[in-house]
Amino acid sequence: MRFSPILLAGLLLTATNSALFAQLQIKLSQDRTVYLLYEPMEFTVSLTNTTDESIVLSRDPGSDEDWLNFMIFTVNKEKIHSENTLTVPASTIPPGETLKVPINVTPYFAIRSTGSYTVQAVVNIPGRRPLLTSELYFSVGKGDVVWKKELYNEGTKRVYSLIRFLENNDSNLYLRVEDPDINTVYTTIRLGKLTAYADPVVEFDKDQNIHIVHTVGAKTSRYTMANSKGKILKQEDRTVGDTKPTLAKAADGTVQLVGGIIPQEKKVRPKLSEGQQGLM
């Protein structure tokens, strides 16, 4: 049986890609399926080398895309365009080993609306067709604003919001910092579980750092300090004692966490076998 050159090339390409699929197993995974709008959305790509030789993954010099990328669609099959170029370091996977690459897609894709989405990872290898993972589904919600304040500093506007967001029957508190005048969200970050026992307590210090105390349990409160772009500078938990944890602002503009009890670190007792071996 004779094959035409075009058909033969097609058969060889199919065989090459089938072999590559067998050589490089790729899988996309996620820890969560529900996210608050603008928060970090992290997916992990696992690549397993099943061959006897190392596999090198790197950017094709003639391509605008790196060796790893993503495709995100709405449930109506509308593609979400990328805002920034995803850059992934070149990697080598030794025989029999697995490379795991966690990627936060939020800074790279214009997910600006609530709703349901699908995501696939794409592995680009020079000279071959891209390899795609199976689709994963996730949804994005809005949450409820429980506190909000605008501040101005040298003509720059900051809007701080505390948002309650329900995920798998757990209520969580998020801090969002944004500048709507320039359409920029600096951060949307989870601070921890939120109970309904009390409203969060909020103060700003002289440097416009935000200080927050909110309840994470019946007798436990969490303190968070973040800068004007929402980066967490300090965080700790305190339990209720004779006084409840709260914030105190001094005359010089500094803010301190006062009250409550600092939990003691649990001491790990050595096992009896360790003590018998003189390791106590």
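Strands here are DSSP runs of E at least two residues long, numbered from the N terminus, and two of them pair if DSSP finds at least two bridges between them. Strands of a sheet pair through backbone hydrogen bonds. Between S1 and strand S3 (residues 42-49), which run antiparallel, there are 7 bridges. If you'd like to find one of them, look at Leu 24, whose bridge partner in S3 is Asn 49.

Before going on, keep in mind that this is a predicted model, where local features need pLDDT of at least 70 and side-chain atom pairs count only at pLDDT 80 or more, while totals for chains, interfaces and linings use all residues. Residues are numbered from 1 along each chain as its sequence is written, and side-chain values use heavy atoms, with hydrogens and water left out.

A pocket is an open set of points on a 1 Å grid where a 1.4 Å probe fits, with protein on both sides within 12 Å along at least five of seven lines, and its lining residues have an atom within 4 Å of a point. The largest pocket has a volume of about 400 Å³, a volume being the space filled by probe spheres set on the points. Of its 19 lining residues, Tyr 38, Arg 112, Thr 184, Val 185 and Tyr 186 are the closest to the centre. Strand S14 (184-193) and strand S13 (170-179) each supply at least two residues of this lining, and S14 gives the most, with 5 residues.

The second largest pocket comes in at about 240 Å³. It is lined by 15 residues, and those closest to its centre are Glu 65, Asn 69, Phe 70, Ser 82 and Phe 109. Here strand S5 (residues 68-74) gives the most, with 4 residues.

Next, the rings. The structure holds 7 aromatic pairs, meaning rings of Phe, Tyr or Trp (its six-membered ring) with centres within 6.5 Å; planes under 30 degrees apart count as stacked, over 60 as edge-to-face and the rest as tilted. Tyr 117 and Phe 138 are stacked, because their ring centres are 5.5 Å apart and their planes at 15 degrees. This pair links distant parts of the chain, with Tyr 117 in strand S8 (residues 115-123) and Phe 138 in strand S10 (residues 136-141), 21 residues apart. Both Tyr 117 and Phe 138 are buried, a label for under 20% relative accessible area, with exposed meaning over 50% and partly exposed in between (1.4 Å probe, protein chains only). Together with Tyr 35 and Phe 43, they form one aromatic cluster.

Finally, take a look at two loops. Asn 169 lies in the loop between strand S12 (156-167) and S13, and its phi is near 70 degrees, a positive value in a residue other than glycine. With 74% relative accessibility, Asn 169 counts as exposed. Gln 208, in the loop between strand S15 (201-204) and strand S16 (210-217), has a positive phi too, near 65 degrees. Gln 208 is buried, though, because its relative accessible area is 15%.
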